[in-house]
Amino acid sequence: MMEILTSRHWLEWAITIAKFAFAFVPIGFILLLIPLERRGAGFIQDRQGPNRSYFKLPYFGRIRLFGWVQNACDGLKLFFKEVYAPNHVHRILFALAPAIPFAIVLISPCVIPWFAPMVFTFGDAVIRIPGQTVDSEVGVLLLFGLSSLSAYGAVLAGWASNSKFSLLGGLRTSAMTISYEVCLGLSLMGMLLLAGSFRIDEIIAWQDAHVWGIVAQPVAFFCFLIAMIAETGRAPFDVAEGEPELVAGFHTEYGAMQFGLFYMGEYSHIGINSILVACLFLGGYSVPFVEMSTIQANVGISLGVLCGLIVLALLAFLHMIYRYSRWYKTSSASNKEVILREYSLYKLLAWAAVPVVLVLGILSALFFHPEYTIINGEMVYGAGVAFGTALIQLLTLLVKACFFCWVWIWVRWTLPRFRYDHVMHLGWKVILNIALINLVVTAVIAKLVLGGN
Amino acid sequence: MVRQIKQKPMNWIERLYIFEAFRGLFTTMKHYLRGFFRYETLPTVPYPEMKPEILPTYRAKHRLMLRPDGTPRCVACFMCAAACPANCIYIEADSSLDGRIEKKPSRFEIDHLVCVFCGLCVEACPVDAIRMDTCDTSYVHRTREDFIANLETLTQWNPNDYSQNDVLSQAAPGGIKNQQALESWKLRVY
């Protein structure tokens, strides 16, 4: 026991344990996705979306946070509703089923690399930290295996509810998951073939060295994206819970937080899938047009640029706030004072943050000069550089993932639902074939051009 | 006559679906960006704080027009009650105190829970005594009885809320043409 403990530096253990916190990133995506979905849907349909829930602050009055407070209201409502089970259900399975998709969500991001493997010197020791929580050779296969397990939640819910709507919903979910898992795996095979590894960090390294997967494998990217959307069971592929036919599908009999768990499971599944697509086809944590070694050598300037981007975003935010409040002053609204008082808080916070971030960025650009030691012919920096680089890479990954989260919502509120047979036709007769042809073509080209083994 | 509308068959690009899907995505993105960057141009308004503009031609809550002396113009002829398809108007007639006019309403009640806002009463009135141009579309009461508008509530309107070109409204007490109208009416207020 002691040998295992002493085999690594204490800092390595600490970081390894701290990395478990990344399991909660998909849950954080729920907080982003729910307002994005509801207000995004509103804007797409020329509505305003839910923006009226608020909390009160002493001076600033009603703080609406642009509809973000709606999250808390939804959550509170679901938490405090009575957990109710109808008489005819299978008690144990009925209670177990909603936990499965949500538990899977906590486990499955374990193989996603959040940053490039960190190598840094700490005192005399050289510490290596892999970017993923579980440094597994099978990587993406493990992720697929885990995320397809969430279908069990739907199937169990459908079976345990003992209602024909739920049962049909569960059946459809299992059929969808099985069909589209095939397409998912096959469309990814081309990318795996090029990178020559199942490990996600090696796929990202390949993209970093050559081109992004979306350029190298555009067909595979679209097949993968469609299969991903279908696998999460959202519109236009939401046949599993199609309201016109099946009431709500497998969670017809659920209410309160049991329904909330399905709901949150679905959203965090979207979060995980967005991160995965970003990793596999959009270069993951690699910053576009900049080498990782460049970032490490100029980590102070890189952090300064990051701060500059944050300042730009803050200024854009301020510009929008000022524009809108100027319009609001001239409008005929009866709650002008309330809204303008609320906006004064945002102005205050943003104006307070701008100089702080700016000074931080300038200081880091001027005074953060890393020192390196050469180990085995490679430059190895200290812990500060490693953490700074990791932060930049993590943010890059999250920004890319947020873009794909938006794609999910965008597609949902654009395309009409497919009929069930159309979904199966698209899955088995179209996407599967395209993915197979793509795989063959990729294999031939890879053999001819890259001269692989 | 049966009219057959021929649907334009889709060409092969449209049948591929993917390109049309992208076109749809482009459209929704335009709408999203409009909502995000030009929030104030959204066609919806935050209702109780901002109210949509309602034209006076909109058939809203009723009002009874007034003579220059403040009595309702209604002559209790029952035309509106006869025209009403919902039978929501109840009138009781009384003899008028003005010698030139035969009758006046002693009760005039409109049940707004029954009213269908068709505007036939306005069309039927021979003396232009009832109008629906108050622009009042939302009125809330505690009990069903409160929804029955009577002679008092129907005549409680302010001439200043109406257009200055609206002669009949301005001739009522408080209006800008009231003095002029009173002179031609030549009668004291009872």
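At roughly what angle do the axes of helix H11 and helix H13 of chain A cross? Before selecting them, note that this is a predicted model, in which local features need pLDDT of at least 70, side-chain atom pairs count only at pLDDT 80 or more, and totals for chains, interfaces and linings use all residues. Residues are numbered from 1 along each chain as its sequence is written, and chains are lettered from A and ligands numbered from 1 in the order in which they are written.

**Helix pair.** Select residues 218-231 (H11) and 256-281 (H13) of chain A: the axes come within 11 Å and cross at roughly 170°. Helices (H or I, at least four residues) and strands (E, at least two) are DSSP runs numbered from the N terminus. Axes are lines fitted to C-alpha atoms, for helices over the stretch in contact, with angles from 0 to 180 degrees between N-to-C directions. H11(A) and H13(A) are therefore roughly antiparallel (an angle over 145 degrees). Show side chains for A:Phe221, A:Phe224, A:Leu225 and A:Met228 of H11(A), which meet A:Asn273, A:Val277 and A:Phe281 of H13(A). Contact here requires C-beta atoms, placed from the backbone, within 7 Å. By class, this contact has 6 nonpolar, 1 polar and no charged residues. Ala, Val, Leu, Ile, Met, Phe, Trp, Tyr, Cys and Pro count as nonpolar, Asp, Glu, Lys and Arg as charged, and the others, Gly among them, as polar.

**Sheet.** Next, select the 4 strands of chain A that form an open, mixed sheet in the order S4-S3-S6-S5. Its edge strands are S4 (125-129) and S5 (372-375). Strands pair if DSSP finds at least two bridges between them. S3 (118-122) and S6 (378-382) of chain A run parallel, joined by 2 bridges; A:Thr121 has A:Gly382 as its bridge partner in S6(A).

**Domains.** Colour chain A by its domain assignment (bounds from an automatic or database assignment): domain 1 is 2-49 + 81-286 + 370-450 and domain 2 is 288-368.

**Chain B.** Show chain B: 17 of its residues are in contact with 18 of chain A. The chain B side divides into 10 nonpolar, 5 polar and 2 charged.

**Confidence.** Finally, colour by pLDDT (the predictor's confidence in each residue, from 0 to 100). Chain A averages 85; the lowest mean is 73, in S5(A), and the highest is 91, in H15 (299-330) of chain A.

Definitions and conventions. Contact = placed C-beta atoms within 7 Å. Parallel < 35°, antiparallel > 145°, perpendicular 65-115°, else oblique.
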